[in-house]
Amino acid sequence: MAYDKFEILTSTAVPLPIENVDTDQIIPARFLKATERKGFGDNLFRDWRYNNDDSPKKDFVLNDNTYSGKILVGGRNFGSGSSREHAAWAVYDYGFRCVISSFFADIFKGNCLNIGVLPVQVSADFANKIFTEIEKNPQTKIEVNLPNQTVTILATGEKESFEINGYKKDNMLNGFDDIDYLVNVKKEIVEFAKNTPL
Amino acid sequence: MLHLEAVFFKVLSEEMKKTLFDKVWDSHVVKHVEDGPDVLFIDRHLVHEVTSPVAFLGIKNRGISVLYPERTFATADHNTPTINQHLPVQDPLSANQLKALEENSKKYGISHWGLGHQKNGIVHVVGPEYGITQPGATIVCGDSHTSTHGAFGAIAFGIGTSEVEMVLASQCIMQPKPKKMRINVNGKLNFGVSPKDVALYIISRLTTSGATGYFVEYSGDVFRDMSMEGRMTVCNLSIEMGARGGMIAPDEKTFEYVKGREFTPKGAAWDKAMTYWKTLFTDKDAEFDKEIYFDASDIEPMITYGTNPGMGIGISKSIPKAEQVEGGVSTYKKSLGYMAFNEGEDMIGKPIDFVFIGSCTNGRIEDFRAFTSIIKGRKKAANVTAWLVPGSHQVEAAIKAEGLLDIIHEAGFELREPGCSACLAMNDDKVPAGKLAVSTSNRNFEGRQGPGSRTLLASPLVAAAAAVTGKVTDPRELMKEFA
Ligand code: SF4
């Protein structure tokens, strides 16, 4: 599924300074029963966000009007656990286009890149700076610049660069996905398969 | 000329120094994308009902078909009920996913082992059982515990739904080659220590992110001496330390296990395969990005006390104090708060409510043998609800054939029907809020076994000891007669 292009995103951010946020928290298994990619945002962080009677938990950040924006800033080792792409879908469907953390779990990071959410890995220091600035002023804006591979806290001008491989960067900038690429090299794949018995 | 020869020998010697992982990975690269990932050919693709429907929808919307349907195998497991499987599935959403899997498989000509099918079971249990899993193969599935199949010397890892779609469309995925780590455990395991304990011990030492970015090879006496079932348990849990996967070099034990299964090569093809499989080991002097050593004698039966698999300790130890854990003190306290445990407390003696034996981590015959070895001649504790869920119909049949079912019944337990069950609680097997479960599965995340549920991960021996005593108990206490 091709997605919107990503170039420069300037937005306020939602802070979630918890470590090891696993994909079971991002979207619990009982909400994985759909056969279409629709409506996952409603259940993003379901059990942290709602009580058993479905009333919102007041102290959870997504229920706090002070914070909003298209960037989610998570703690270290964000997205560990299950390979469910539904976690990345839920993040996207809720309205986030970028997740910043000082460390990502592999599969989650790959899933994000495949569906048009940019995972931005920064140093632990820089992540702390972002948390501090948001705490000081929830209206603080962050600029995520994909062409330059930089993330900037606009209030202070502090900046850090982040890594992304050239191929994935191109995909994000143009809204292409891997299947477009793979379908194009089908001939080579078929040749290869001939020498690879089942 | 001399110079050329030197170059030739250099290339040759470098080529000779490959790790097991390099050998399998490199032989599956269709092409390398400049400044990007490898296009990796996938030999075998496993699908289940939860992570595949959107992928099938994706290829349909693009107007393309499945390139090699004979390389994909479908089984229903995540959603399936574990009682009354002969009746229609009650939950309409689950029924809908099961139906979608059946229809998609039929439409594209994929073998489908749905509910009620004799070969049905957990995807990572049936793969090896029917010989879909083979040494030197690349295997993927939309489930992170695909790493299980690495026990056979395959490269096997979990993928997201976009990647499931890629494999359906092109039999390839696009992945940068991970870094390589070798974990060596040498020596002899202590009495009462099982493969699950070895894995939980390694994860507790490495943390849940200690192997992120790496593909692991397990090496040393402990894995060499381990059964294939045990190796599967260890490789299964690789993902819980962040690794993409884990693998063990195939040996005679592996070949013996694989031989004669439905999807393994026969006759001349077998001989040819064996010639190749025997080359699958890490060359002497091959380099790893990271190498770690543990001593088998340091490992005791393990149990977790927190909300990630890295929060594990020897069962006789007490819960670490916050100041002893690295970083993240507030996260650590949040985790203990969820578990309603205190720093410094003992695990032994904590009353428990549920016991779950099953999952692709510990739902194989060997696990039921371990469980029944302890419950034999004892009775289920009155305060315990126990779910005994075989990983597949083949496991279920073996439990019956070996007489374990009688032991199970005599001790006051019941055997359920195969499926993922309380491993992820997508079906009705949910641990109620606040209740404490000793589970042989792989994740103790908040709510993993049902909203508000609290999970202690452990081996089948530890789970059995808890099931008959009603509290966390050192299984060695109940095994004394064998010591
Ligand atoms: S048993 Fe658990 S980990 Fe294994 S395949 Fe099923 S849900 Fe995944």
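Student: What makes one say that the ligand sits in the largest cavity?

Tutor: In this predicted model, the ligand is assigned to the largest cavity because a molecule sits in a cavity if more than half of its atoms lie within 2 Å of its grid points. A cavity here is a set of points on a 1 Å grid over the protein atoms alone where a 1.4 Å probe fits but cannot get out, and its lining residues have an atom within 4 Å of a point. The lining of the largest cavity comprises 24 residues, with H78(B), D143(B), H145(B), L424(B) and R448(B) nearest its centre. Residues are numbered from 1 along each chain as its sequence is written.

Student: Why is the ligand said to lie between domain 1 and domain 3 of chain B?

Tutor: Domain 1 (20-177 + 251-273) and domain 3 (302-478) of chain B both contribute residues to the shell around the ligand, so the ligand lies between them; the domain bounds come from an automatic or database domain assignment.

Student: Why is C423(B) called buried?

Tutor: Buried means under 20% relative accessible area, with a 1.4 Å probe and protein chains only; C423(B) has 8% relative accessibility and therefore counts as buried. C141(B), at 0%, also counts as buried.

Student: How do you know that C141(B) is in no disulfide?

Tutor: A disulfide is a pair of cysteine sulfur atoms within 2.5 Å, and the whole structure holds 0 disulfides over all chains. For C141(B), the nearest cysteine sulfur, that of C360(B), is 9.4 Å away, and C141(B) is in no disulfide.

Key:
Chains lettered and ligands numbered in written order. Predicted model: local features only at pLDDT ≥ 70, side-chain atom pairs only at ≥ 80, totals over all residues. Heavy atoms only, no water. 1 Å grid on protein atoms, 1.4 Å probe; cavity = no way out; pocket = protein on both sides within 12 Å on 5 of 7 lines; lining within 4 Å. Buried < 20%, exposed > 50% of the residue type's maximum accessible area, 1.4 Å probe, protein only.
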